[in-house]
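Student: I'm new to this one. Could you take me on a close look at a single part, the place where the two chains meet?

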There are 2 protein chains.
Amino acid sequence: MITTRTAGSSMMDLKTDILAADNCIRPFIRETPLEYSIVLSHMTGCEVYLKCENLQHTGSFKVRGAFNKLLLLNDEQRSRGIVTASSGNHGLAVAFGLNQFHIPSIIFMPENASSTKVENIRHYGVPIEFYEKDMMLTEAYARDYAKRHKMVYISPYNDLQVISGQGTIGIELMRQLDAIDTVFACVGGGGLISGVGAYLKSISPQIKIIGCLPENSPVMAESIKAGHILEMETRPTLSDATAGGIEPNAITFNLCQQYVDEFNLVTEDEIEAAIIHIMQCHHFLIEGASGVALAAFIKNAERYRNKKVVVVLSGANISLETLKMILN
Amino acid sequence: MITTRTAGSSMMDLKTDILAADNCIRPFIRETPLEYSIVLSHMTGCEVYLKCENLQHTGSFKVRGAFNKLLLLNDEQRSRGIVTASSGNHGLAVAFGLNQFHIPSIIFMPENASSTKVENIRHYGVPIEFYEKDMMLTEAYARDYAKRHKMVYISPYNDLQVISGQGTIGIELMRQLDAIDTVFACVGGGGLISGVGAYLKSISPQIKIIGCLPENSPVMAESIKAGHILEMETRPTLSDATAGGIEPNAITFNLCQQYVDEFNLVTEDEIEAAIIHIMQCHHFLIEGASGVALAAFIKNAERYRNKKVVVVLSGANISLETLKMILN
C-alpha cells in the first residue's frame, strides 16, 4: 500500500520511502558510476569520488524524483493527468518519464525558453504550453491550472515523493563506497540534498553533508541562517539549475535544517574553473550546478585531507552558448 | 592455459579469445551504457543507439585491449616489464592499467605532446620518457627499445590480445540490444572494428559493420581498396585518435577485409557537426573519432530507415583547444 507522508515525516519514514522509491524506479534509471578521481585526489590529498549523475538519463538526477512521482500516482490521478512547469532538467525528466507511460499531461514553459530546451522536451512527445516570460509566473500558473483541472502538479523539489526519488542516490553511494566521510551536493530548492542527506544519515549519522550554492543565488543557505524561508533578489549564475527562489512553506527547508551540516558558497569564477577541470581531466560535460559542488569541495579541500569525499555531479545540461563563454 | 594465436586465426578462434578477454577484464572495465537516441531516431527514421565508450574508464575503449594484454602477460613477461608509445588514448589506457598492477614499464611520448596529456598520464605514476618530436619515430624507437631489453611492446592495435579486448564491446552489444542491423565504428589502426566485427559476425553474420574514417586520413579504407597496406600522406583531422599510418603487415588489414562490409568517409565539417550534435542533444563530450562514426551514419542514414543502428562513440578525449575551435 502506498502511503503519502506529510512534511513532519521522521528520518526513518523518509528512509522507508527512499527504499521503496529505489524498488519502484530501478528499472527506469541508471545506477550512475562513482568515479574515483586520481587527479583531484592527488591535487587535494583527499580520496575523491565523483557521483556521475551527469550520466543519468536526460543528463541529470531529476529523473529519479520524476519517475517516483509518476509511478506512485493512483488510477484516478493517472486518468486526470499531470502538470508541471519547467524549462530545465525537471521538465526534461518528467517528459522522459511520460514518454514511457500513457498519462495525460501538460508541461508549461516560459515563452522565452531556449529553442534547444524546447526541442529536447518536444522529442518526448509531451504537450508543451507557453505562458508568460517569467519562470516563477509560469510555475504559479501551472500550479493553479492543475488545481482548477484536478490534475497533479509535479513540483521539482517541494514534494516528498520527488525527494524520495532523489534519495536513491544515497542508496547507490552506500553500495559503491565504504566509509564515506563527506558528501558535497548543490542546493537549489533542496530536493537533492534532502533526499541524499536523509538516507545517508539514517545509515551513518556521522557522514557530513555539505550544501553548495553560488554566491549569486544562496537562497537556501541564507534562509537557514535566518531561520525561515527568505524572499531575496538573486543575481544570474552559471548554476541555472539551482538558481531562483524557494516556495513559501517548502518542505525542503526543514529537511535541510536537519540533514545539511554546513553550507558553502562559491563564486562564478570558481564554478567556471570546476567545469573546466572536469572537461580537462574527466572529459565529462557538466553544468553549472555540478560545478558548484566541485568548486565548494576544492575551496575547502584542506579541511578534508585523507578523508573519503564524494562530490555529486548533479547534471550535464550546459548550453553551448555558456560553454563557449567559459572556454573563451 | 593461455594460447597466443597468430594472424591466421579464424573467426571462431577470435570469438573464443574475445569471450576469454571478457572474463579477464570484466572486473576492471565498465559495461558502458547503450543509449537510445530519441533525437537521432526522430531525425533519421532509424532506431539509433549510441554505445557510450566515451564513458569508459579513461574516456575511451582502449582500456579494454590494454587490460587484456596486461592480464595475459606471463610471469617472465611481467618481471621484464612492458613498453608502449602513445600520447593519446592508448597511452592513458595502459597507464590506467599499470596503476593497478606492479609491472615495470615505460611509456614513450614525443617531446611535443601536449602538457595536459602528459599530466593526465603522469597521475597514474607510470614512468614517461620523451623521444623526438614525431609519433611514428617515437613508436619505432619504443618497439626497438622493447626488443633490445626483452620487454613486451604493447601496440595500440596490431596485437590479437589487444583486439580481443576491444571485441568485448561486441559481447555487451549482443546483451544490450536484440536484432542489431548495422554498427558504425571509426577505423584508425583497425583494432576496434576488427574485434567488434569479428564477435558480432560470429554470432549474427548478417549484422553489417561499417568502417568510418575522415577523408583527411582514410588509410585503412584506401588500403583495403588497393588490396594491400598503403603508405600515404594524410592531412590533419579532428579525429586525431584515428589519424596516421598503419604498420606494414598489421594483422588488422586482413581482419578488416573479413569483417568490415563497407567504408564511409566524412569531411571535417561533418565531424564537427556530429560533435556539436552530441553535446547539444546528449550532453556528452566526445572526441573527433566518435564524431566520425556518427557523421558517417547521419550522412548515410536514409539507407538504414527503420533499421536498428548502433553508433560506437569510441572516446571522449577532446582537447579544450579543439572544443573551443569547434564552438567558435
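**Where chain B meets chain A**

Tutor: Happy to, and let's start with the polar side of things: between chain B and chain A, 9 residue pairs are in polar contact, with both residues at pLDDT 80 or more. Keep in mind that this is a predicted model. On chain B, the elements that each give two or more residues to the side touching chain A are helix 2 (38–44), helix 6 (115–122), helix 12 (268–281) and helix 14 (320–327).

Now for the charges. The rule finds 2 salt bridges across the interface of chain B and chain A. You can look up one with the side chains of B:Glu35 and A:Arg30, which meet in a salt bridge at 2.9 Å, N to O.

Next, step back to the whole interface. Here 27 residues of chain B are in contact with 27 residues of chain A. The size of an interface is often given as the accessible area lost when the parts come together. For chain B and chain A, the buried area is about 2,700 Å², and carbon and sulfur atoms give 63% of that.

How values were computed:
Residues are numbered from 1 along each chain as its sequence is written. Chains are lettered from A and ligands numbered from 1 in the order in which they are written. This is a predicted model: local features need pLDDT of at least 70, side-chain atom pairs count only at pLDDT 80 or more; totals for chains, interfaces and linings use all residues. Side-chain values use heavy atoms; hydrogens and water are left out. Contact means heavy atoms within 4.5 Å. Buried area is the accessible area (1.4 Å probe) that two parts lose on being put together, summed over both. A salt bridge is a side-chain nitrogen of Lys or Arg within 4 Å of a carboxyl oxygen of Asp or Glu. A polar contact is a pair of N or O atoms within 3.5 Å; within protein, one must be able to donate a hydrogen and the other to accept it, and residues adjacent in sequence count only if both atoms are side-chain atoms. Helices (H or I, at least four residues) and strands (E, at least two) are DSSP runs, numbered from the N terminus.
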